Amino acid sequence: MPELPEVTVIVNQLDKKLRGLILESIEYDWPKKFFWGGFSTRDLKGKRVENVERIGKIVSINISKRLTILIHLKLTGQLIYEYQDKQSLRSSSFDELRTAGLKKTRIAGGHPIPPLNLAVPNKTTRVTFTFTNGGHLYFNDMRKFGWVKIVESEESKIKEAIGAEFGPDPLVMSYREFCERLVKKGQARIKKMLMDQKFVSGIGNIYSDEALWRAKIHPKRSVASLSQAEIRALYDGIRQSLKLAIAKGGSSANAYVDSGGERGLYLSFAKAYHMTGKPCARCKTPIVREKMDGRSAHFCPACQKL
Ligand SMILES: [Zn+2]
């Protein structure tokens with residue numbers, strides 16, 4: 001599942017590429033998960049992309065200040081924007097045009113399966129947005145858990161469309177809000193709590209392991225057992241691990257390809273996640289893996305005591 005850093009990386013890339021493009025058409029074979037909200041292709045055709053931003057784990061494409069396209073990648077969603085680089089076409093001779101000119105540039109991110117360098121559209125393509133520059137944005141989703149919603153660009157409408165499903169953004173949430181939300185969850189295990197999207201949005205198995213390692217908290221500890229200092233360390237640990245991963249271009253346990261179509265720095269930020277047997281960066285004790293609530297928790301048994 002793409003977590004917050006992976007969504008941030010693709011959103012930043014799309015923002016650079018889609019800004020100012022004009023929508024030509026939208027095709028989809030996915031009526032169950034495409035919510036038009038009373039609008040139609042006619043409302044979007046000819047409209048300009050203002051910007052692309054992230055709201056929690058949602059990709060938000062803002063159209064002409066009036067309408068917003070919300071995309072949730074869920075478990076297996078991926079976004080691929082493919083276009084012909086006009087700059088290189090202009091400078092090419094005719095021969096180059098036929099060869100190099102037909103080469104397309106690709107921005108890709110999200111779930112790594114099917115591989116992000118596979119030809120598009122393919123059998124996982126659910127929605128195709130076509131722009132007047134000839135570029136296409138493909139929303140692929142192998143397991144069809146993701147969705148697309150068209151809403152009015154008003155905070156209340158956007159909140160309504162995504163609100164019930166998601167907790168606050170961990171990079172925006174204040175320390176005070178974090179404490180207030182934790183207090184209500186006394187007996188829950190802290191790792192499970194962090195991964196609950198209603199508690200906080202965008203943290204999954206990777207960044208819960210990373211944040212708990214930074215805060216020196218065992219993943220099976222109950223929320224009620226945490227001291228004020230540990231809660232502070234956890235809040236900071238969450239933000240540090242997310243920011244570091246974003247700076248490193250995101251991650252994936254599998255063959256992650258970053259949004260430039262190239263391999264991201266493969267888990268280069270990881271201190272605990274998938275580091276089983278490797279020495280802890282603080283104390284050199286080998287990192288261990290334990291089953292927990294159907295997932296794996298990675299932690300240092302010396303720094304993170306139960
Ligand atoms: Zn350690």
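Modeller: A helix crossing is left-handed if the near helix is turned anticlockwise from the far one by less than a right angle, and right-handed if clockwise. Bear in mind that this is a predicted model, where local features need pLDDT of at least 70 and side-chain atom pairs pLDDT 80 or more, while totals for chains, interfaces and linings use all residues. Numbering starts from 1 along each chain as its sequence is written.

Colleague: So what's the hand of the H1 and H9 crossing?

Modeller: Right-handed. H and E labels are DSSP runs numbered from the N terminus: helices (H or I) of at least four residues, strands (E) of at least two.

Colleague: Which residues of H1 and H9 meet there?

Modeller: Leu4, Pro5, Thr8 and Val9 from H1 meet Leu242, Ala245 and Ile246 from H9. Contact is C-beta atoms, placed from the backbone, within 7 Å.

Colleague: New topic: what's the strand order in the open sheet?

Modeller: E1-E8-E9-E6-E7, five strands with antiparallel pairing (at least two DSSP bridges per pair).

Colleague: And which strands are at the edges?

Modeller: E1 (23–28) and E7 (104–110); each has a single partner strand, so one side of each has no neighbour in the sheet. E7 is joined to E6 (residues 77–84) by seven bridges, and Gln84 has Lys104 in E7 as its bridge partner.

Colleague: Where is confidence lowest, and where highest?

Modeller: Helix H4 (residues 94–99) is lowest, with a mean pLDDT (the predictor's confidence per residue, 0 to 100) of 46, and strand E8 (residues 125–131) is highest at 96. Residues 89–101 are below 50, with eight contacts beyond near neighbours in sequence. The chain averages 86, and 87% of the residues score at least 70.

Note on methods
Two residues are in contact if their C-beta atoms, placed from the backbone, lie within 7 Å.
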